[in-house]
Every structure is written in C-alpha cells, then in structure tokens.
Amino acid sequence: MSIDHRLSAEHEELRRTVEEFAHDVIAPKIGDYYERHEFPYEIIREMGRMGLFGLPFPEEYGGMGGDYLALGLALEELARVDSSVAITLEAGVSLGAMPLYLFGSEEQKRTWLPKLCAGEMLGAFGLTEPDGGSDAGGTRTTARLDESTGEWVINGTKCFITNSGTDITGLVTVTAVTGRKPDGKPLISAILVPSGTPGFTVAAPYSKVGWNASDTRELSFADVRVPRENLVGEEGRGYAQFLRILDEGRIAIAALATGLAQGCVDESVKYAKERVAFGRVIGDFQAVQFKIADMEMKAHTSRLAWRDAASRLVQGEPFKKEAALAKLYSSTIAVDNAREATQIHGGYGFMNEYPVARMWRDSKILEIGEGTSEIQRMLVARELGLG
Ligand SMILES: Cc1cc2nc3c(=O)[nH]c(=O)nc-3n(C[C@H](O)[C@H](O)[C@H](O)COP(=O)(O)OP(=O)(O)OC[C@H]3O[C@@H](n4cnc5c(N)ncnc54)[C@H](O)[C@@H]3O)c2cc1C
C-alpha cells in the first residue's frame with residue numbers, strides 16, 4: 001500500500017494554471033460583473049479556450065481526457081477567487097454535459113459534446129420544480145409520446161435552473177413523468193430540449209442573494225415538442241440517472257466550497273497583515289490568529305474529504321457516502337469561514353468591494369443546492385444502515 005499527498009505532475013500543472021488564471025484574469029474583473037448582475041461571457045469564453053469545460057471528457061468528444069479530480073481542482077481554484085464562474089463551470093460540466101456523456105446516445109454525444117466541451121455552448125439540467133427540489137421523485141412535469149408524429153410533448157415548470165438562459169445556452173435536459181409503473185409510481189425519464197424550441201419559455205434571471213454573475217432562471221414548457229430520439233438514456237431510468245449525476249455533482253460542489261473556504265483564509269491573512277488597530281496589525285492579536293488557524297484547519301480537512309471522494313470515483317469504487325460527507329462538511333465550513341472572514345474585515349467586510357463580502361453572499365447556497373445539508377445527512381445515515 002502506498003499513500004501520497006501529492007498530486008500527479010499533470011494535475012498539479014492544471015491546478016497552477018487555473019490558480020494563475022483566477023488571480024490574473026478573474027480577480028480584477030469579476031467584482032464589476034457581480035455588482036451589475038451580469039454574466040461574464042468574456043471570462044467564460046477564456047475558460048472554454050483553456051479546455052476547462054471539457055476536463056473530464058474523452059478527447060474523441062472534444063474533451064481534455066482528464067477526470068473528476070481534475071475538474072475538482074479547477075473548481076477549487078476558481079472558487080478561491082469567485083464562485084459565480086465556478087458554478088457556471090460546475091453546472092456546465094456536471095449537470096449540462098455529464099448526463100449526455102454518461103447516458104446519451106452516440107448521436108447525442110457527437111452532436112452536443114464538442115460544443116459543450118469547448119465552452120462555446122452551455123447545457124443545463126432541469127430537475128427542481130416550484131413544488132419541490134429535495135423530493136425529486138415528486139416531479140410533476142410530464143412528457144407524453146405522440147405516436148402519430150414520434151414526438152415527446154412536454155408540459156410543466158422547472159425552477160432555479162443554472163445556465164439555462166444565457167446567450168450561449170444550447171440545451172436543457174429535463175426530468176419528466178413519461179408514464180406509470182404497474183404499482184402506480186411514476187416513470188421518470190430525462191429528455192433533451194434544445195433552446196429555442198417553440199413553447200419552451202425562459203424567464204428573466206432571478207434576483208439572487210449571491211452567485212450574481214451566474215445565470216439562474218425559471219423554465220416553462222407548454223406543449224413543447226421534441227423528437228422521440230431526444231430521450232436521454234432509457235425511458236423510466238431518469239430518476240436513477242439523476243441520482244448518479246447528483247452523487248458526482250456533490251464532489252464538484254464540495255471542491256467549489258473548499259475553494260471558497262480557502263479564499264476566505266487567503267483574504268483574511270492578507271488583511272490581518274495590513275490592518276492596524278491599537279498600534280499593531282490585527283494579525284498580532286491571538287484572537288485573530290486563532291480564527292484564521294481554525295479556518296485553515298477546516299479548508300484543509302474539506303480538501304481531504306472531496307479529494308478522497310473524487311479518488312474513489314476515479315478508481316471506480318463506491319463513493320456515495322464520501323461524496324455526501326464531503327458536500328455536507330465543505331458547505332458547512334464554507335459558511336463558517338465566510339462569516340469569520342467578514343468578522344476579521346470588520347466594517348469593510350460588509351462592503352461589496354471586498355471579496356469576502358462576495359464570499360459571504362455566495363456561501364449560503366452551498367448548503368442548499370444539489371441537495372440540502374439535511375438531504376446529505378439522510379444519505380449518510382442511509383449508508384450507515386439507518387432508516
Ligand atoms: C442558485 C440556485 C441554483 C440552482 N441550480 C439548479 C439546477 O441547475 N438544476 C436543478 O434542478 N436545481 C437547481 N437548484 C435547485 C436546488 O437544487 C434546490 O433548491 C434544492 O435541492 C432544495 O430544493 P427546494 O428549494 O425545493 O427545497 P425543499 O425541498 O422544499 O426543502 C425545504 C427545506 O426542507 C428540508 N427538507 C425537505 N425534505 C426533508 C426531509 N425529508 N427531511 C428533512 N428535511 C427536509 C430541506 O432540507 C430544506 O431545508 C438551484 C437552486 C439555487 C438556489
């Protein structure tokens with residue numbers, strides 16, 4: 001048995017490249033986009049050119065031939081500086097492209113993945129509905145197969161869907177009830193709907209507490225017709241498919257949350273060395289040192305947790321419990337670190353021009369999106385044989 005804390009040379013090079021990009025390109029510009037609630041097309045285009053949207057996909061579909069660890073490393077480095085661009089990447093890869101890669105037909109992969117991997121097009125995943133997100137099996141959206149035309153006819157509403165209304169959004173994969181099992185339970189399937197399909201309406205962006213430079217919208221479907229071939233995977237397997245997608249996505253969100261937590265440490269160390277109170281820099285006060293030491297402890301532990309889950313996924317081992325633990329822990333400590341970093345910045349921490357104010361606003365959603373903390377606890381308990 002061997003154990004090694006170091007990344008491979010390729011992974012470390014990727015991590016460093018994204019770290020530099022985040023520092024040199026994103027950090028100077030993102031505050032203005034965030035303030036204007038504007039989607040940063042220019043930055044996303046650059047990320048596409050770097051290959052970030054294709055990281056875990058094979059080269060034959062336009063990807064970089066990397067793995068989920070590579071994606072996590074990129075997300076962590078982006079979120080150290082800004083979470084809006086990180087969630088755009090996370091949702092684009094884990095929710096937009098991954099369902100097609102894992103479950104799509106060869107034709108769907110060849111048609112859509114090259115553009116998604118290049119970041120020229122964004123995909124979205126529509127699972128959550130106004131009546132419920134945690135209880136995803138309670139989907140009300142329906143899709144009826146019209147045998148006369150060979151088309152699915154979709155009706156319903158999805159809410160809070162990331163990347164669903166940008167100028168470069170090309171598709172959304174939605175879950176819909178396509179029939180009933182003999183016991184009356186719904187058959188849930190996943191169906192690909194190209195942007196611009198008649199009857200598919202994308203609402204104006206939500207006014208959000210955070211992630212203000214990312215795109216989140218409500219979607220409605222009124223007799224939307226798409227060809228039968230737009231079914232993603234097998235009919236009735238949509239529920240099992242999205243559970244797999246969410247298991248993987250939790251690792252990505254955990255990496256993103258770790259980045260936010262580490263960004264809070266970075267900003268706090270910098271500020272503690274500059275800010276003077278009572279004739280000394282505040283970093284000389286043990287109360288501030290201890291806060292920062294605790295923040296570093298949490299970010300470090302969180303990193304170990306998401307990398308452990310990613311490593312299990314990459315090795316083809318079971319990773320459900322570890323992914324839920326990593327998501328639960330990292331999102332909890334991201335909120336902790338954002339609160340403490342704001343405290344260390346005093347009144348300036350409450351001013352939007354300081355990155356920690358953005359981190360504070362961006363942290364809370366991490367305990368909610370892609371499965372709330374309560375849902376993560378339920379998953380862990382279930383894996384322990386309870387309930
Ligand atoms: C900015 C943003 C982006 C998002 N992007 C996407 C996206 O791209 N695609 C997508 O499909 N969804 C997306 N979501 C939706 C997100 O995944 C859901 O909001 C989340 O899963 C929670 O669902 P809900 O909001 O319906 O809350 P509910 O399910 O109504 O939960 C409300 C509260 O009840 C608790 N609760 C529910 N059931 C239980 C239970 N059995 N035991 C204990 N507590 C319980 C929850 O933990 C929560 O605290 C996004 C949300 C936001 C805010």
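1. A polar side-chain atom of Glu-374 lies 2.7 Å from an oxygen atom of the ligand; a polar contact here is a pair of N or O atoms within 3.5 Å. Thr-162 also brings a polar side-chain atom, 2.8 Å from a ligand nitrogen atom. Leu-127 instead uses a backbone N or O atom, 2.9 Å from an oxygen atom of the ligand. On its own the ligand exposes 990 Å², and the protein buries 65% of that (Shrake-Rupley areas, 1.4 Å probe).

2. Please bear in mind that this is a predicted model, where local features need pLDDT of at least 70 and side-chain atom pairs count only at pLDDT 80 or more, while totals for chains, interfaces and linings use all residues. Residues are numbered from 1 along each chain as its sequence is written, and side-chain values use heavy atoms, leaving out hydrogens and water.

3. How many residues surround the ligand? There are 20, and the closest are Thr-128, Gly-133, Ser-134, Phe-160 and Thr-372 (a residue counts if one of its heavy atoms lies within 4 Å). By type, the shell has 9 nonpolar, 9 polar and 2 charged residues, with Gly counted as polar.

4. β3 (151-162) and α10 (373-383) each supply at least two shell residues, and β3 gives the most, with 3 (DSSP runs, helices of at least four residues and strands of at least two).

5. Domain 2 (124-236) and domain 3 (240-383) both contribute to the shell, so the ligand lies between them; the bounds come from an automatic or database domain assignment.

Methods:
Polar contact = N/O pair within 3.5 Å; in protein donor to acceptor, adjacent residues only side chain to side chain.
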